[in-house]
Amino acid sequence: MPRVKAAQAARQGPAKRRLAEQFAVGEIITDLSRKEWKLGSPIGQGGFGCIYLADTNSSKSVGSDAPCVVKVEPSENGPLFTELKFYQRAAKPEQIQKWIQTHKLKYLGVPKYWGSGLHDKNGKSYRFMIIDRFGSDLQKIYEANAKRFSRKTVLQLSLRILDILEYIHEHEYVHGDIKASNLLLSCKNPDQVYLVDYGLAYRYCPDGVHKEYKEDPRRCHDGTLEFTSIDAHNGVAPSRRGDLEILGYCMIQWLSGHLPWEDNLKDPKYVRDSKIRYRENIAALMDKCFPEINKPDEIAKYMETVKSLDYVEKPRYQNLRDILLQGLKSIGCKDDGKLELRAVENGGLKVKTVSKKRKKEIEESTESSVEEMEWSDAQTETTIQTRSKTRRRVQK
């Protein structure tokens with residue numbers, strides 16, 4: 001299992017990994033198809049690699065409007081290798097375009113894979129991957145808006161994320177770490193959102209054979225603690241129902257501003273037990289998070305539907321979309337594709353739009369926010385360190 005191998009390698013610690021040296025602006029790299037790419041300015045650096053603006057090779061320099069980014073890390077490192085496997089299997093432009101056409105979508109929020117290869121520099125070998133470039137992440141916008149999204153925005157976001165999850169699930173992968181910081185806006189269209197960071201993506205169904213349900217104490221609490229699934233808390237490999245459960249927690253947080261277990265994230269068992277208790281009583285979860293009279297019944301129905309799924313069961317994605325669409329209808333809205341990223345203050349009574357100044361700040365954060373994509377390695381290392389501490393506490 002590549003994910004486990006990468007995690008095991010990462011547990012050895014960053015001291016045993018070589019850091020990538022910086023490449024010069026204008027350096028040319030050649031991918032496996034012999035296509036040449038020119039590097040622009042570096043826009044991020046993780047624990048094990050760097051990320052640069054990139055464009056196809058030409059006489060022009062790579063500007064700040066470059067359409068792609070390239071991720072580079074020493075070839076013996078692991079995080080990019082794991083992510084690369086997902087992109088090669090499931091994110092080729094022709095695959096994504098075919099899905100968009102056959103499913104009659106306006107777009108699909110999966111980054112396109114444009115190439116990869118090895119590049120030698122000063123006698124050292126580096127692995128690289130070229131993908132689409134994006135803008136700001138939703139976490140920055142969420143925090144700038146007093147940690148609230150409107151009900152319409154939450155439902156619109158979730159509809160697009162369901163499109164993404166159906167696609168990657170049908171291509172034998174689950175994501176396992178859906179959250180606002182892993183959702184980036186398109187540089188060209190702020191109403192389009194993309195799910196990134198596949199460094200811990202898991203191939204749950206290789207060659208059509210679903211992994212068996214098996215609890216492994218060494219893998220307890222994998223993922224981002226406040227959002228991860230109950231299965232992951234129990235050390236079970238990620239699954240489709242786990243991704244959908246994670247999305248449910250995201251919806252609740254985005255709309256209410258808080259999850260009931262967020263105040264005690266230092267205790268993973270408490271977080272797990274809270275999720276189990278609320279899974280058995282979803283009405284109590286809704287009462288806790290939405291004390292006002294006008295509750296988002298569609299989220300409760302969504303959570304009930306996900307709760308009923310078996311570990312290996314294929315979700316009925318359209319049924320889940322229909323639930324969210326009914327929620328839009330109940331507030332007099334429709335699926336118009338507009339995210340309307342704005343905050344609802346104090347329980348949903350007062351709407352506060354993002355100021356022009358803040359919009360400009362968000363736009364200007366495009367380059368720095370690509371660092372949020374930055375590698376799964378930086379996130380992987382943090383996640384693994386958290387897991388190690390957790391396991392030590394559990395063993396004690």
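1. Basis. The model is predicted, so that local features need pLDDT of at least 70 and side-chain atom pairs count only at pLDDT 80 or more, while totals for chains, interfaces and linings use all residues. Residues are numbered from 1 along each chain as its sequence is written, and side-chain values use heavy atoms, with hydrogens and water left out.

2. Helix 11, length. Helices (DSSP runs of H or I, at least four residues) and strands (runs of E, at least two) are numbered from the N terminus. Helix 11 takes in residues 317-330, and its 14 residues should span 20 Å at 1.5 Å a residue, which agrees with end C-alpha atoms that are 20 Å apart; the expected span here is 1.5 Å times one less than the number of residues. Helix 11 is followed by Gly 332, whose phi is positive, near 75°.

3. Helix 11, burial. Buried means under 20% relative accessible area, exposed over 50%, and partly exposed in between, with a 1.4 Å probe and protein chains only. In helix 11 the buried residues are Tyr 317, Leu 320, Arg 321, Ile 323, Leu 324, Gly 327 and Leu 328. They cover an arc of only 155° around the axis, which puts them on the same side of helix 11; the arc is that of the directions from the helix axis to the C-beta atoms. On the face turned away from this buried side are the exposed residues Lys 329 and Ser 330. The cover over the buried residues of helix 11 includes helix 5 (151-170), helix 7 (240-256) and helix 10 (297-307), where contact means heavy atoms within 4.5 Å.

4. Aromatic pairs. Rings of Phe, Tyr and Trp (its six-membered ring) pair if their centres lie within 6.5 Å, and planes under 30 degrees apart count as stacked, over 60 as edge-to-face and the rest as tilted. By this rule the count comes to 14 aromatic pairs. One of them is the edge-to-face pair of Phe 149 and Trp 254, at 6.4 Å centre to centre with 65° between the planes. This pair links distant parts of the chain, 105 residues apart, with Phe 149 in the loop between helix 4 (138-144) and helix 5, and Trp 254 in helix 7. Phe 149 counts as buried because its relative accessibility is 0%, and Trp 254 likewise counts as buried at 0%.

5. Tyr 249 lies in helix 7 and Trp 261 in the loop between helix 7 and helix 8 (268-280), 12 residues apart; both residues are buried. Elsewhere, ring pairs link Phe 86, Tyr 87, Tyr 173 and Tyr 198 into a cluster.

6. Charges over rings. A charge sits over a ring if NZ of Lys or CZ of Arg is within 6 Å of the ring centre and within 35 degrees of the ring normal. Arg 219 lies over the face of Tyr 202, at 5.8 Å from the ring centre, and Arg 277 over that of Tyr 278, at 5.4 Å.

7. Arg 241. This residue is in helix 7, and Arg 241 is buried, with a relative accessible area of 19%. A polar atom of the Arg 241 side chain lies 3.0 Å from the backbone oxygen of Leu 309. Leaving aside neighbours within four places in sequence, Arg 241 is in contact with Tyr 213, Asp 231, Val 306, Leu 309, Asp 310 and Tyr 311.

Technical notes:
Polar contact = N/O pair within 3.5 Å; in protein donor to acceptor, adjacent residues only side chain to side chain.
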